[in-house]
Amino acid sequence: MKGILTGLAMMILTLGLQAQTGIVKEPEKVSQLMSTYRTSNLAEDEMQGWRIRLVATTERRIMESTREKFRKHFPQMKSKWSHVNPYYQVQAGAFASKMEALPELNRVKETFPKAYLILDKISKEEISANL
């Protein structure tokens, strides 16, 4: 009895899964909006992306020593520092997505256990240089 019911259920489900064919015509307004979006996106020099923050401190010497230590351990990854009063901050890397940044963060955390990811405005050139 279970076998018959299972077979009947499978037949009903497969009938509903038959492919439908047809052509969808995109409205002209949608095409115009997509074209405008593409054009404005190409004109942007920066995009939102991810960086690894190594340190945020009020001590400039700590920032400098952290950056120097990072350069020695990870010479292939670019780093930069910034001063957002009252903090000196050291960031590294430039990633388009969090998924790209996470493996690098895990590697960096072996040397800098307090490192974490931050969202930042990143130039498209920086991101393409990481590819």
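This section describes the fold, the sheet, the salt bridges and selected residues of a predicted model.

The protein chain contains five helices and four strands. Read from the N terminus, these elements follow one another as α-α-β-α-β-β-α-β-α. Of the 131 residues in the protein chain, 24% are buried. Among contacts with a separation of 6 or more, 73% are between residues 24 or more positions apart. The accessible area of the protein chain is about 10200 Å², and carbon and sulfur atoms supply 58% of this area.

The four strands are arranged as an open sheet with the order β2-β3-β1-β4, and their pairing is antiparallel. Between β2 and β3 (residues 87–95), the antiparallel pairing extends over six bridges. Within this part of the sheet, valine 84 is placed opposite tyrosine 87 of β3. Helix α4, formed by residues 98–109, lies across β1 (46–57), β3 and β4. The helix runs at about 20° to β1.

Valine 55 is a residue of strand β1. Its relative accessibility is 14%, and valine 55 is therefore classed as buried, the cut-off being under 20%. Leaving aside residues up to four places away in sequence, valine 55 touches Ile62, Met63, Thr66, Tyr88, Gln89 and Val90. Helix α3 spans residues 60–73, and strand β3 spans residues 87–95. Valine 55 and lysine 114 are separated by 59 residues in sequence, while their C-alpha atoms are 7.6 Å apart in space.

Side chains of opposite charge can pair when their charged atoms come close. In the whole structure, five salt bridges are found. One of them joins aspartate 120 to arginine 51, with 2.7 Å between the closest N and O atoms. This pair connects distant parts of the chain, since aspartate 120 belongs to strand β4 and arginine 51 to strand β1, 69 residues apart. The two partners fall into separate accessibility classes: arginine 51 is buried, at a relative accessible area of 3%, whereas aspartate 120 is partly exposed, at 22%. The value for arginine 51 is under the 20% cut-off for a buried residue.

In one, glutamate 64 pairs with arginine 60, and the closest N and O atoms are 2.9 Å apart. Glutamate 68 is partly exposed at 38% relative accessibility, as is arginine 71 at 40%. Elsewhere, salt bridges with shared partners join Arg51, Asp120 and Glu126 into one network.

On the surface, Val30, Met34 and Tyr37 make up a nonpolar patch. Together, these three residues have about 280 Å² of accessible area. Tyrosine 37 is located in helix α2, which comprises residues 28–43. With a relative accessible area of 52%, tyrosine 37 is classed as exposed, because the cut-off for this class is over 50%.

Terms used:
Residues numbered from 1 in each chain as written. Predicted model: local features only at pLDDT ≥ 70, side-chain atom pairs only at ≥ 80, totals over all residues. Heavy atoms only, no water. Pairing = 2+ DSSP bridges. Helix = DSSP H or I, 4+ residues; strand = E, 2+ residues; numbered from the N terminus. Contact = heavy atoms within 4.5 Å. Axes fitted to C-alpha atoms, helices over the stretch in contact; angles between N-to-C directions. Patch = residues over 30% accessible without salt bridge, like charges linked within 9 Å, V, L, I, M, F, W, Y side chains within 5 Å. Areas by Shrake-Rupley, 256 points an atom, 1.4 Å probe, with all protein chains shown as cover. Salt bridge = Lys/Arg side-chain N within 4 Å of Asp/Glu carboxyl O. Buried < 20%, exposed > 50% of the residue type's maximum accessible area, 1.4 Å probe, protein only.
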